[in-house]
Number of protein chains: 2
Amino acid sequence: MGGTDIERLIALLARLPGLGPRSARRAALALLRQPQARMLPLAQAMEQAARSVRTCSSCGNLDTHDPCTICADPGRDRGLVCVVETVGDLWALERAGVHRGVYQVLGGTLSALAGMGPDDLNVASLLARIEQGGVREIILALGATVDGATTAHWLQDRLAAFDVPVSRVGQGVPMGGALDVLDDGTLAAALMARRPA
Amino acid sequence: MGGTDIERLIALLARLPGLGPRSARRAALALLRQPQARMLPLAQAMEQAARSVRTCSSCGNLDTHDPCTICADPGRDRGLVCVVETVGDLWALERAGVHRGVYQVLGGTLSALAGMGPDDLNVASLLARIEQGGVREIILALGATVDGATTAHWLQDRLAAFDVPVSRVGQGVPMGGALDVLDDGTLAAALMARRPA
């Protein structure tokens with residue numbers, strides 16, 4: 001495959017999520033064809049990002065600043081905290097542009113299988129924010145999975161000690177979704193969540 | 001999305017073949033979570049590969065040496081030259097371990113649409129090798145596409161001036177392939193290439 005440097009590059013690329021051995025070779029080849037124009041800029045962007053990435057001590061977001069851009073933004077409503085599992089979930093909500101408050105990134109869910117217990121979740125900084133006052137509502141935006149539901153219940157218990165209303169994102173038929181391709185669980189949730197038309 | 005460094009990393013990753021915006025974000029997130037353990041090693045592997053990659057002046061392969069590992073290998077048969085379109089095709093044949101000779105990487109095919117003419121193909125070093133003597137057979141392993149077939153015909157014309165036999169790889173039903181899922185062109189080629197059982 002042409003040199004240990006090239007093999008090592010392919011092996012490291014193949015470990016990225018979404019890339020298998022085949023697509024890692026394709027990606028490596030594209031980079032090798034333009035070492036100056038494509039490979040070096042990407043290598044430098046990675047070094048730069050690796051050096052500058054910080055975990056926000058307030059919400060757990062990944063950013064180049066601590067507190068992160070969202071927590072530092074005076075235009076965001078600090079009283080409205082949306083709790084998500086991962087930074088990827090936060091990014092998805094930001095792309096949708098549907099949340100004008102701030103976030104709390106748990107860093108995962110409670111999971112017996114993955115060995116994630118309450119101490120592994122980033123909750124302390126949320127409790128500290130509530131105790132400082134000013135938090136008016138906490139929105140749980142966790143996945144509609146068993147672990148997501150378990151985590152939501154556990155969090156509701158923890159938050160019951162504070163006088164802050166806790167809500168959960170709605171469940172049902174996704175926008176643009178045809179009913180006949182949905183699973184039974186989603187259909188059941190959609191019927192349960194019915195509203196007057 | 002958390003800092004221009006992170007956005008730049010995602011934008012560069014999204015330009016890799018096989019990665020779209022969505023998988024680029026997933027890959028970036030995986031790297032950002034482990035800047036020291038994952039992102040820096042990949043960045044350094046890229047810098048190293050970008051510095052060391054060479055185009056083999058003999059065959060056109062990409063390697064960290066010139067001549068490449070294959071051309072320099074005394075165990076390879078220099079008399080048997082397999083002509084391929086791209087380095088990716090060379091890698092595929094090497095993985096299969098089915099060619100014990102050397103290669104010639106054209107760097108593409110003749111293509112009116114892509115603006116690729118005869119001068120854009122890496123053919124001169126093949127002609128030079130033939131003129132030096134010792135080449136006993138040239139195997140054309142080009143894609144079974146219109147451009148691949150055009151290029152094969154053009155190469156056969158160019159090579160007709162030399163006293164070297166030129167062959168082409170067989171066409172037909174791929175191994176493990178069921179006939180009812182194959183396209184008409186492959187079925188026609190398979191019937192044309194029939195042999196006594």
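Predicted model: local features only at pLDDT ≥ 70, side-chain atom pairs only at ≥ 80, totals over all residues.
Visitor: Which helix supplies the largest share of the lining of the largest pocket?
Guide: Helix 5 (87–96) of chain A and helix 2 (21–33) of chain B each give at least two residues to this lining. Among the lining residues are A:Trp91, A:Arg95, B:Arg22 and B:Arg26. The largest share is 6 residues, and the helix that supplies it is helix 2 of chain B.

Visitor: How many charged residues are in the lining of the largest pocket?
Guide: The pocket has a volume of about 300 Å³. Its lining includes A:Asp89, B:Arg25 and B:Arg33, with A:Gly88 and B:Leu29 also present. By class there are 3 nonpolar and 3 polar residues, and the number of charged ones is 6.

Visitor: How many nonpolar residues does the contact of helix 3 of chain A with helix 1 of chain B have?
Guide: From helix 3 of chain A come A:Pro41, A:Leu42, A:Ala45, A:Met46, A:Gln48, A:Ala49 and A:Ser52, and from helix 1 of chain B come B:Asp5, B:Arg8, B:Leu9, B:Leu12 and B:Leu13. Of these residues, 2 are polar and 2 are charged, and the number of nonpolar ones is 8.

Visitor: Is the crossing of helix 1 of chain A and helix 3 of chain B left-handed or right-handed?
Guide: The axes of these helices come within 9 Å and cross at roughly 150°. The contact includes A:Leu9 and A:Leu12 from helix 1 of chain A, and B:Leu42 and B:Met46 from helix 3 of chain B. The crossing is left-handed.

Visitor: How far apart are the C-alpha centres of domain 1 and domain 2 of chain A?
Guide: Domain 1 of chain A spans 4–52, and domain 2 spans 62–168. The distance between their C-alpha centres is 33 Å.

Visitor: Where in chain A does A:Pro67 lie?
Guide: Most peptide bonds are trans. The bond from A:Asp66 to A:Pro67 is cis, with omega near 0°. A:Pro67 lies in the loop between strand 2 (62–63) and helix 4 (69–72) of chain A.

Visitor: What kind of peptide bond joins B:Asp66 and B:Pro67?
Guide: In chain B, the loop between strand 2 (62–63) and helix 4 (69–72) holds B:Pro67. Omega for the bond from B:Asp66 is about 0°, and the bond is cis.

Methods: Residues numbered from 1 in each chain as written. Chains lettered and ligands numbered in written order. Heavy atoms only, no water. 1 Å grid on protein atoms, 1.4 Å probe; cavity = no way out; pocket = protein on both sides within 12 Å on 5 of 7 lines; lining within 4 Å. Points joined across faces, edges and corners; volume = space filled by probe spheres on them. Helix = DSSP H or I, 4+ residues; strand = E, 2+ residues; numbered from the N terminus. Nonpolar A, V, L, I, M, F, W, Y, C, P; charged D, E, K, R; others polar. Contact = heavy atoms within 4.5 Å. Domains from an automatic or database assignment. Axes fitted to C-alpha atoms, helices over the stretch in contact; angles between N-to-C directions. Left-handed = near helix turned anticlockwise from the far one by under 90°.
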